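Please open the model in your viewer and keep a selection panel at hand. The stops below each begin with something to select.

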Amino acid sequence: MARIIGGIGASHSPTIGFAKDANKQDDPLWAPIFTGFKKIGDWVRAQEIDVIFMIYNDHVTSFFFDHYSAFTLGVDDLYVAADEGGGARAVRPAKGHAALARHIGTALVADEFDMSFFQGKPLDHGCLSPLSMLEYDAPPWDGEIVPLQVGVLQLPTPNARRCYKLGKSLRKAIESFPEDLRVAVMATGGLSHQVHGERAGFINETWDQEFLELLETAPEKLVDMRLAEYAERGGMEGAEVIMWLIMRGALSDKVRKVHSATYAPSMANIATLIFEDFGGAPDAAEVALYRAHMNYELAGVEALEGTYPFTLARSSANFRINDFLHRLIEPEHRRRFLSDFEALSEEFELSSDERELIAGRNWIEMVRRGVSFFVLEKMAAVIGSSNPAVYANFRGETLEKFLASRKAPITYSVFRSVSRASRQPWRMA
């Protein structure tokens, strides 16, 4: 079973990434940043950590306010650096442990956390500033990550108690994963800072030290604090330290602090922290019960003939083809799909199997593979096929036979109402 070895706290200011990229380690003004992160890197390697569960917030880069979730879990197997306005940083892509991510996602939903999930999105400095420092002054750490993006930039946000409770569930989720993994939970952000308004530049080092002490010895006192109190003591943006309570909630009561340091050179008090966890191995019977709890809602669904639940595993395995067909909501993608399918599918690196399924309109095999019906519905509309025609294909029936089984023999699609002359059925050359 997977085990939580310890917890890490680290600021994620873009200052950190800049210092590394500009080779500032020998500059006295920047050196303390490197000293703290070297402690983390050394500990991660010494403890042979396989996976780091990375808790961070995106800075309106990959996640915008058109769809802004409280808790968004990455379930990908590779994460590249995001372009935050001046070009992406030249850092190695981070490897993701997709199987552990899916397991954790299933567990957190079972524990009634309304999770969102992401794939195909790059990571900004919220995650990569601290993560990239694990490659400083030593062989690069070669482990994998599971990133959790927390929506702390648009109010209302999750509160401190909700974060702490999520951490408690996270511990059960990780410990119930059957693979033998050594896991560290890393919380990023903070400490005190404010970057907007007339209060910009606010730092409160006294509060920061109190926060770190309470996090170790009395986290329940931090859990009881309101967001307004965090903003008053640590700055509005500094209230993001509630994410550190996810990390602390994932640890047992038996922790030992092996490193803590802060440095406030400019706009934020940059911190590094390490807790080792001595909570002991989980009870095997309790783990078995928790796994049953995780899978309770879908137990037996596999016996439903002709039914293909769109699970995280199927979604991850078929993200490329689903993404390709989802983009049919874009006019230019539709135009190229109809006029130059081969070039477009080459651009999106579709496999030969994926191309054949689409070109052959093999609806049922696409569903069996893991293509969502709701992107197939878009493809059907683009090529001039009705929804009932697709349903009939699923059942191996003619359209006429399928319509005869309905109360009303109607045909329809999601295509907007225009003359049929303006949309010619698509055929492969």
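Is lysine 257 buried or exposed, or does it fall in between? Lysine 257 counts as partly exposed, because its relative accessible area is 34%, where buried means under 20% relative accessible area, exposed over 50%, and partly exposed in between (1.4 Å probe, protein chains only). Before going further, note that this is a predicted model, in which local features need pLDDT of at least 70 and side-chain atom pairs count only at pLDDT 80 or more, while totals for chains, interfaces and linings use all residues. Residues are numbered from 1 along each chain as its sequence is written, and side-chain values use heavy atoms, with hydrogens and water left out.

Because glutamate 216 lies in helix α6 (residues 205-217) and lysine 257 in strand β9 (residues 255-263), the pair ties together parts that are 41 residues apart in sequence; helices (H or I, at least four residues) and strands (E, at least two) are DSSP runs, numbered from the N terminus. Glutamate 216 is partly exposed, at 22% relative accessibility.

Now select helix α13 (residues 331-339), where arginine 335 and glutamate 332 lie three residues apart, about one turn of the helix. Their side chains meet in a salt bridge of 2.6 Å, N to O.

Moving on to arginine 355, you will find a salt bridge with glutamate 346, the closest N and O atoms being 2.8 Å apart. Arginine 355 is buried, with a relative accessible area of 16%, whereas glutamate 346 is partly exposed at 48%.

For the next stop, select β8 (182-188), a strand in which six of the seven residues are buried. Strand β1 (residues 3-10) pairs with β8 in the parallel sense over seven bridges, two strands being paired if DSSP finds at least two bridges between them, and isoleucine 4 has valine 183 as its bridge partner in β8. Strand β2 (residues 51-56) also runs parallel to β8, joined by five bridges, with phenylalanine 53 partnered by valine 185.

Finally, select glutamate 179, which is found in the loop between α5 (160-175) and β8 and is partly exposed at 38% relative accessibility.

How values were computed. A salt bridge is a side-chain nitrogen of Lys or Arg within 4 Å of a carboxyl oxygen of Asp or Glu.
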